[in-house]
Amino acid sequence: MSLLLAAAAETTKVPRWGIFVDVDGAVSGFITAIILMAITWYFVTAARAGRPMPQIRKLAGLDAIDEAIGRATEMGRPVFLANRTAGVGSVHSFALWGYMGYIAKLCAQYDTPFVNIAGDYLAAAVNEEVIKQSYLEAGRPEAFRPDTVRYVPGDQWAWTSATSGMLKRELPAATMWIGYFYAESMTLAEVGAQIGAIQIAATTNTAQLPFFIASCDYTLIGEEEYAASAYLSKEPMLTGTLVAEDVGKIIVAAIVVLGVIAELVSPEANFVSKMLQF
Amino acid sequence: MKRTVPVIITTVTATIVFLSIVLFKTDAAGWPGQFDRMRQFMAAVMMFMGMANMTRVHGSAIRKRDRNWMFSVWLLVIMFAYAIFGMAVGNKNATYRWIYDAFIPPINSTMYAMVAFYLTSASYKAFRAKTLDAALMMACAVWVMLSNVPVGDMLWSSESWLGGMAGVRDWIVSVPNSAVSRGIAVGTFLGGFATQLRVFLGIERRHLGQG
Amino acid sequence: MLEKLNNLDSRWMYLALVIVLVIPIIKPIGMSISVNKDLTQRMYDFIENLPPDSLIMFDIASSSSSDTEITPMIYAVMEHMAKKGHKLLVAGQWESGLAYWSPKIDERAKEYGWKYGVDYVNIGFKAGGTATWRAIGQDFWKGAVGVDINGTPFEELPLMARIKKIDPETIDLIVIYESGSPGMETWITYFPTVPLVKGSVAAEISSSVRYIPTGQLKGLIPGMRGAAEYEKLVGRPGIATQLMDAQSMSHILVILLIALGNVAYFGAKKKSAEAR
Amino acid sequence: MTPELQTWIGVIATLGIFSFLIKENPFYRFFEYTVIGLSAAHTVVMTWDNYTKPFWNNGIMKGEYYLLIPGAIAILYYFRYAPAKYQWLYRYPLALIMGYDIGYSLAYDPRPFMVQIRGTFEGLKDLNSFIYLAIFFGVVVYFIFTFGNKSKGVEKTRNIARYAMMMYFGVAFGNTVQGRFSLLLGRLLFLLGDWLGLVKLG
């Protein structure tokens, strides 16, 4: 009972600060956002000024993209890239466009059919723009076909039934599942495995990762999904944002270490904890 | 005008929205609430984009007489008929609901139920102890599956030492597992934040295409 | 032989799965199950120890696709309530789920001889998310617009006379049947003092158990297995018990397939090594 | 329009979808295309009923004329399918929507993250808490992309973190199995019970 009361007290005792919203972590979240922006800005400027950026660690899943497209070209079969949930303002779309630009360009160069299945009607329009741009960069704008980007309504199982149907009918040699997926992950990955495609998956939904790992050849875990844009383009400015991210992680680790020390000294007066609650 | 202005619009809008949420109380009447309404209204105005895309994709299939062009005809007919009917009578209409209930829930539940089949065949092919990674994953999966059904209790009862199979499972779930999920969550947050900053700062502008 | 096994066609596995599921459904074996002391037993004890005539609220936060997991839980808890003589208030955070289970609850209530309005009330779905629930918590009648699922005013329902707020004095326990969000966060965040238990679909168990030691959840029914345990505790085996054999068999099939897959893989590897 | 007809459609659709397990076939294809068509239409109808109409009737017609500005900008999105010369106009509403979404998540995302970090060190008590911390650090190190890639210690830590993650995935897989089979049982009960009447439950 005392535990319950303690929990209850904790949720009501929220620090208020002027006009700031009275939610746990509102102020510290704001400060965190500003700090992260500052770090990112610093490293991007450094990269723009031509300072050398460190190498990104090897990510097998991203290296495999070239191999997968190569095999699709040899077999004369299409390459599929799909995402159901990401809207235009979603971080998964931003990540997806990084993959899309790279894959579409390679496909255009090798004259391999490329298909994108989108589940959001606004994102479908933007995907088309990204792909057209890549085809243009590859010097083959005429290779873009009107059925390259296919919108299928994002209703979970309608989308999945359509995608599995397309997989079995068009037999892509490479399939890529990038973004946030739910229970449909198992169906997609297993149907893809049955048609013998090379499969690369990337998702941040930890509950669905096991299914991708089970049935895909390469799986990018969690945050690795977001690293693709920098990794594939090798552009120093994008790498700079990755460095900023890593600095963020080191700061988090430092805060946790501080928090542990404070907790061991006195759990009641843990200043780190109070700071983060603010 | 074609690429720079949109980048500026994005950055300025993001800054305004960010500050309005951080500085003002979030309720329907305040600034964040108003911005939210505008965003919703914009998405509502754009709602026919999906049908436009589908008309084009399936229209091209019909024109080229693809293998499944008859199905594409059927799809377009049913889509337009149902949409026009629904917009005319509203989604609470009994006939509209009847059509919906007859097709969509059974197909959805069946697609969902099929996951069980795929799970079965995936475990046959995937859980092979080729590497230590795979072996660990397999061992944990088998352990949890056994402890979730009566057979697990028969093998190692939950009355006995360490709480039996279920006891060990609960320890794995509450200690190493939640540590992993939290670690991944920290990385995901930072990665997502950086990805958004790339667009916010105008470094990533692939979505704006050429010209 | 082993190579063939190594690349076994999935369709054989699907056939095997259908067989191991259908046979126990039609002819259950009746394997005995043990009751989870930390989860199901706790919830049972909590309801068992409530004084008679307590008011229990059901919150349905699930969709009909979780039918086979949630329905037996609802039935088992209702059976328990009927034995102890508790009153029931049905509400839901998910519109479709509430619409789906309301007739089933009515059917069971009829069997127990419960009178609508006296022994149980269904207030129906109230739109507006957590804001609505906070309003209902402060003033139940006003927040819930004063009518039940059929549009009957609360004045005509005697049970509603004792429900003016959501607090521990009025509502002795909230049972949430949840398969996703919005769900128990509403209660944990805004009504932390009202005792809460949860009937959870299997996929949600691992994310919910951490609320048990802190007392934020008084107990939990873990998936279909938990429903079967609860049925055992209340002494009325139902759907979950009947299906538990099928669950066991399918789990065993998956484990056997994993074993077989490994045998085939290592066998084939050894053979190809010998051939070289 | 009887409930029996609905059950029959349900049964045929269920069997049609299940037939995909054997082979992709026209029977499945028919239901696949039907569900996509209906679902696309349903998306539009729901948006129309829940957003477009209320916004028009209760917003703009009641004097909230400022909504016309985002509305007008939103219409530009349809220039996506206009002749190439005018296509770029669609980028303005796009930029606006993206700006809104980015601002929104930049403001809200850090908050739950603060709670997560606090959770790692609050309430340390026994050996388990320290195992927990060690694994947490390991996983954070695993996701560092640019530093310490040549260090042996970092590589070892990453390996251990990877094993811990694989255990997590194994457990998540095993725990989900029960729920997925429950769903399939539900479908089989529909066929065997509601339709064929072979099983009586409850």
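Modeller: Here is a quick tour, starting with the sheet and ending with the chain contacts. Keep in mind that this is a predicted model.

Colleague: Fine. What is the strand order of the open sheet in chain A?

Modeller: Six strands, ordered β3-β2-β1-β4-β5-β6 in chain A. The pairing is parallel.

Colleague: Which strands stand at the edges?

Modeller: β3 (149-151) and β6 (218-221) of chain A. Each has a single partner strand, so one side of each lacks a neighbour in the sheet.

Colleague: And by how much are neighbouring strands turned against each other?

Modeller: By 15° on average, with direction ignored.

Colleague: Zoom in on one pair. How many bridges join β5(A) to β6(A)?

Modeller: Four, and the two strands run parallel. β5 of chain A covers residues 198-203. For one bridge, take A:Ala201: its partner in β6(A) is A:Thr219.

Colleague: Now the helices on that sheet. Which strands does α3 of chain A lie across?

Modeller: α3, residues 60-75 of chain A, lies across β1 (79-83), β4 (174-178), β5 and β6 of chain A. Its direction is at about 145° to β5(A).

Colleague: What does α5 of chain A touch on the sheet?

Modeller: β2 (114-118) and β3 of chain A. That helix spans residues 121-137, and its direction makes about 180° with that of β3(A).

Colleague: Switching topic. How do α5 of chain B and α11 of chain C cross?

Modeller: Their axes come within 7 Å and cross at roughly 30°. The helices are residues 94-126 in chain B and residues 239-275 in chain C. α5(B) and α11(C) therefore count as roughly parallel, with the cut-off being under 35 degrees. The crossing is right-handed.

Colleague: Which residues meet there?

Modeller: From α5(B), B:Thr120, B:Ser123, B:Tyr124 and B:Lys125. From α11(C), C:Val254, C:Leu257, C:Ile258, C:Leu260 and C:Gly261. By class, that contact has five nonpolar, three polar and one charged.

Colleague: Last one, chains B and D. How many residues does the contact take from each?

Modeller: 94 from chain B and 91 from chain D.

Colleague: Which helix of chain B gives the largest share of the side that touches chain D?

Modeller: α8(B), with 20 residues. Other helices of chain B supply at least two residues each, including α1 (4-23), α2 (31-45) and α6 (132-148).

Colleague: What classes of residue make up that side of chain B?

Modeller: The side of chain B that touches chain D has 69 nonpolar, 20 polar and five charged residues.

Terms used: Residues numbered from 1 in each chain as written. Chains lettered and ligands numbered in written order. Predicted model: local features only at pLDDT ≥ 70, side-chain atom pairs only at ≥ 80, totals over all residues. Pairing = 2+ DSSP bridges. Axes fitted to C-alpha atoms, helices over the stretch in contact; angles between N-to-C directions. Contact = placed C-beta atoms within 7 Å. Parallel < 35°, antiparallel > 145°, perpendicular 65-115°, else oblique. Left-handed = near helix turned anticlockwise from the far one by under 90°. Nonpolar A, V, L, I, M, F, W, Y, C, P; charged D, E, K, R; others polar.
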